[in-house]
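Student: Can we go through this one together? I would like to begin with the aromatic residues and then move on to strands and helices.

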Amino acid sequence: MSVTRSGFARIIAAVPDLDHLRSLLREQWHLAATGLTELDGGLMSRAWEVSAGDDRYLVRLVDRDVRQPVEAGLAAADHLRGWGIAVGEPVRTLGGGLSAEVPGGGAVVVLRRVPGRPLTGRDPLDQQWWGDRLGSVHRALQHFHHPGLRPWNLLDPDAAHLDAEPWLRPTVADACTAATRLTVTDRLTYGVLHGDPCPAGFVMDADTGRTGLLDCGASGTGPLIYDVAAAVAYAGGVTAAAELLDGYLAAGPVHSDEMEVALPVLLRFRWAVQADWSARRLGSAAGAVAELRAAREALESMSG
């Protein structure tokens, strides 16, 4: 997915309550939800696991501005299944659409839930599966094209919400400058990005021994090392992510020399993305202040 969207101003729409979500699923998909559990993880969307009879689904809520890239991600999932990679299959609305709008500026998609338990970011074996699957996805999508794919963009250091804290604007600007310099001076491997590869978005099916992923997020194109940096941030940093990186290097198209040069720069940039995102949410979502503080601590640890 694109790191930022031109003209993006809204926050992911809040679903008022679970009854509203149940009603939406019934009216748009004819699904009678018997169980609804909100999932942890992920930076730029909200997700629920839904039971309807014997079937299980993933329901994801995104901002309306990324509706087209999300639908590109659904097409990417179809492509991955052709490569034998387990990934959620989109369920169309009763009207034949891939997504449905909700009041407040959001869009909802429904996918059939891939069997398996979510991976744990700090577990070494899970990290190996996580890195291997992310690398396999990158390799399988090397020749995938879709009109909804958006190019990777940097953040806007002049955005008004960066006035939320005095340290925020200069820190984001420095991270953007370093990322720009990297993309201009170094030859990076580009391709289709997942955008937000949190460990909970990947699953291990103990019955088959296969790893899969819940969906492809809001797909875009950019340097693949950005996805790796996002995963490393979820894993707790480079040192904590040793097995993740080992798994990725064995399966993915990015080589170790590129990883060594680009990862520190794009890890710093990923934390700037998280700081930017949290600043957008200040005053409108619980936990945004804590998220912003965590992003600041991570950025300060990588500066100088």
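**Aromatic pairs, strands and helices**

Tutor: A search of the whole structure turns up three aromatic pairs. Bear in mind that this is a predicted model.

Student: OK. How is the pair of W152 and Y226 arranged?

Tutor: The pair is tilted, with 6.1 Å from centre to centre and 55° between the planes. W152 sits in the loop between β9 and α4 (168-185) and Y226 in helix α5 (residues 225-235), so the pair ties together parts that are 74 residues apart in sequence.

Student: Are W152 and Y226 buried or exposed?

Tutor: Both W152 and Y226 are buried. For Y226 the relative accessibility is 1%.

Student: And what about Y226 and F269, which kind of pair is that?

Tutor: Edge-to-face, because the planes of Y226 and F269 are at 65°, with the ring centres 6.2 Å apart. This pair also links distant parts of the chain: Y226 belongs to helix α5 and F269 to helix α7 (residues 256-281), 43 residues apart. F269 is buried too, at a relative accessible area of 0%.

Student: What do the ring pairs make of W152, Y226 and F269?

Tutor: A cluster: ring pairs link W152, Y226 and F269.

Student: How many residues lie between β2 and β3 in the hairpin?

Tutor: Two residues, and G53 in the turn has a positive phi of about 65°.

Student: There is another sheet with β9 in it. What is the strand order?

Tutor: The order is β9-β13-β10, in an open sheet of three strands with mixed pairing. β9 and β10 (190-193) are the edge strands, each pairing on one side only. β10 and strand β13 (residues 220-223) are antiparallel over four bridges, with Y190 opposite P223 in β13.

Student: Now helices. Does the span of α2 agree or disagree with its residue count?

Tutor: It agrees: α2 (residues 67-82) has 16 residues, which at 1.5 Å a residue should span 22 Å, and its end C-alpha atoms are 23 Å apart.

Student: Which residues of α2 are buried?

Tutor: P69, V70, A72, G73, L74, A76, A77 and L80. The elements covering these buried residues include β3, β4 (86-87), β5 (89-90), β7 (106-112), α3 and β9 (150-151).

Student: What about G84 after α2?

Tutor: G84 follows α2 and has a positive phi, near 80°.

Student: Last topic: R133. Where is it?

Tutor: R133 is in helix α3 (residues 124-140). R133 is buried but has no salt bridge. D132 is the nearest side chain of opposite charge, 4.0 Å away.

Student: What is R133 in contact with, leaving aside neighbours within four places in sequence?

Tutor: With those neighbours left aside, R133 is in contact with I85, F202, T211, G212 and L213.

Note on methods:
Residues are numbered from 1 along each chain as its sequence is written. This is a predicted model: local features need pLDDT of at least 70, side-chain atom pairs count only at pLDDT 80 or more; totals for chains, interfaces and linings use all residues. Side-chain values use heavy atoms; hydrogens and water are left out. Two strands pair if DSSP finds at least two bridges between them. Buried means under 20% relative accessible area, exposed over 50%, partly exposed in between (1.4 Å probe, protein chains only). Lys and Arg count as positive and Asp and Glu as negative; His and the chain ends are not counted. Contact means heavy atoms within 4.5 Å. The expected span of a helix is 1.5 Å times one less than its number of residues. Rings of Phe, Tyr and Trp (its six-membered ring) pair if their centres lie within 6.5 Å; planes under 30 degrees apart count as stacked, over 60 as edge-to-face and the rest as tilted.
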